[in-house]
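Have a look at the model first, then read on.

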Amino acid sequence: MSFAGAETDLVRRASEGSSEAFEELVRKYQRYVFNLSLSVLGNREEAFDATQETFIRAWRALADFRGDARFSTWLYRIAYRVSLTAATRRRDMSIDELPEPACIGGESDPEEAAERAADRSTLRRALMGLSPPYRTAIVLYHLEGLSYEEIASITGIPIGTVRTHLHRGREILKREVEKLAGGEPR
Amino acid sequence: MNCSDARQLTHSWLDHTLDDADSVAFQAHLSRCPDCEALVDGWTVFLHDLNATSQWEEPERLLPAVMAALPTQDDGVDEDSWLEPSALFGLFFLCVVGLLRASGRVIGGLSGQIHRAYSPIWVTVSWVVVGLVFASTVVYMLLRKRVHAKFL
């Protein structure tokens with residue numbers, strides 16, 4: 001069975017009430033949903049709650065999922081709506097202590113690895129300092145690998161605005177990284 | 001293309017969303033403008049770092065928490081409940097009997113006397129009301145599963 005076929009089968013079984021199939025879907029998408037929620041909310045605990053709420057809503061609404069969009073896009077839309085609702089309940093976005101992500105590896109030289117880790121840490125702090133629309137566009141495009149079209153579909157924002165958020169967000173992010181690193185502009 | 005034009009197109013070029021004509025003009029400008037070329041090089045390195053930034057890890061307790069919080073059939077509306085259809089048909093039956101009695105078509109009580117009709121307009125109105133209640137209840141029950149899935 002193909003990768004897409006296996007997922008379709010999981011979605012079908014989950015919509016028929018199989019919690020085992022749904023657990024597989026949660027396992028597969030929890031990081032994506034959590035990162036989307038985190039990008040909107042900027043707070044790890046609230047992102048946790050929003051992710052949990054997203055999957056509960058998805059479970060309840062799975063019978064309604066017709067497969068017109070990809071399952072991931074459908075799930076992201078729920079996650080985005082849930083996160084926005086949580087964000088409007090609490091306007092003061094805080095940058096709390098975010099743990100460093102799993103090491104992506106690849107550096108053989110420990111010194112270089114340490115330097116790259118420091119760069120990434122700076123990048124992450126700057127990213128969390130962005131305003132939510134810019135941060136969401138950047139997280140969805142660069143960290144989650146979605147296209148302009150997919151982001152527009154998930155957020156309900158026109159594609160031109162997605163592009164603007166992404167480009168402006170990058171400009172601000174690059175300036176912030178340079179400021180935090182205290183170095184010369186790259 | 002001048003430097004100002006090139007800088008406006010930089011992000012689209014980096015995202016490979018420029019059309020062919022703009023892309024050729026952009027590259028031609030870079031080949032003769034070291035400042036813009038350096039700027040684009042800087043952006044390329046920056047975006048490479050950004051793309052290499054991995055996602056944040058979700059807490060380990062997330063998956064168990066989600067699975068523990070999933071509603072079971074007992075938690076919400078029981079789609080296969082026998083209670084609602086039974087109540088619906090009970091109500092309908094009572095309405096029909098009441099109307100038939102009111103319209104004098106059935107024998108009332110133990111006396112064996114036939115109740116005579118009330119005013120026909122009231123009988124008609126009563127039938128219309130019962131019909132509307134019945135129809136709206138049936139429609140509600142048919143749509144309930146969809147409404148429930150959509151809003152919850």
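How many salt bridges does the structure hold over all chains? The count is 14, a salt bridge being a side-chain nitrogen of Lys or Arg within 4 Å of a carboxyl oxygen of Asp or Glu. Keep in mind that this is a predicted model, where local features need pLDDT of at least 70, side-chain atom pairs count only at pLDDT 80 or more, and totals for chains, interfaces and linings use all residues. Residues are numbered from 1 along each chain as its sequence is written, chains are lettered from A and ligands numbered from 1 in the order in which they are written, and side-chain values use heavy atoms, leaving out hydrogens and water.

**Salt bridges within chain A**

- Glu7(A) pairs with Lys28(A), with 2.4 Å between the closest N and O atoms.
- Glu7(A) sits in helix H1 (residues 3-15) of chain A and Lys28(A) in helix H2 (residues 19-41), so this pair ties together parts 21 residues apart in sequence; helices here are DSSP runs of H or I, at least four residues, numbered from the N terminus.
- Glu7(A) is buried at 13% relative accessibility, while Lys28(A) is partly exposed at 28% (buried is under 20% relative accessible area, exposed over 50%, partly exposed in between, using a 1.4 Å probe and protein chains only).
- Glu53(A) bridges to Arg57(A) at 2.9 Å, and the two are four residues apart in helix H3 (residues 44-61) of chain A, or about one helical turn.
- Both ends of that pair are partly exposed, Glu53(A) at 30% and Arg57(A) at 40%.
- Salt bridges with shared partners also link Asp9(A), Arg12(A), Arg13(A) and Glu16(A) into one network.

**Where chain B meets chain A**

- On the chain B side, 34 residues are in contact with 49 residues of chain A, contact meaning heavy atoms within 4.5 Å.
- About 4,400 Å² is buried between the two chains, 61% of it from carbon and sulfur atoms; that is the accessible area (1.4 Å probe) the two parts lose on being put together, summed over both.

**Charged pairs across the interface**

- Four salt bridges are counted between chain B and chain A.
- Arg31(A) and Glu57(B) meet through their side chains in a salt bridge, at 3.6 Å from N to O.
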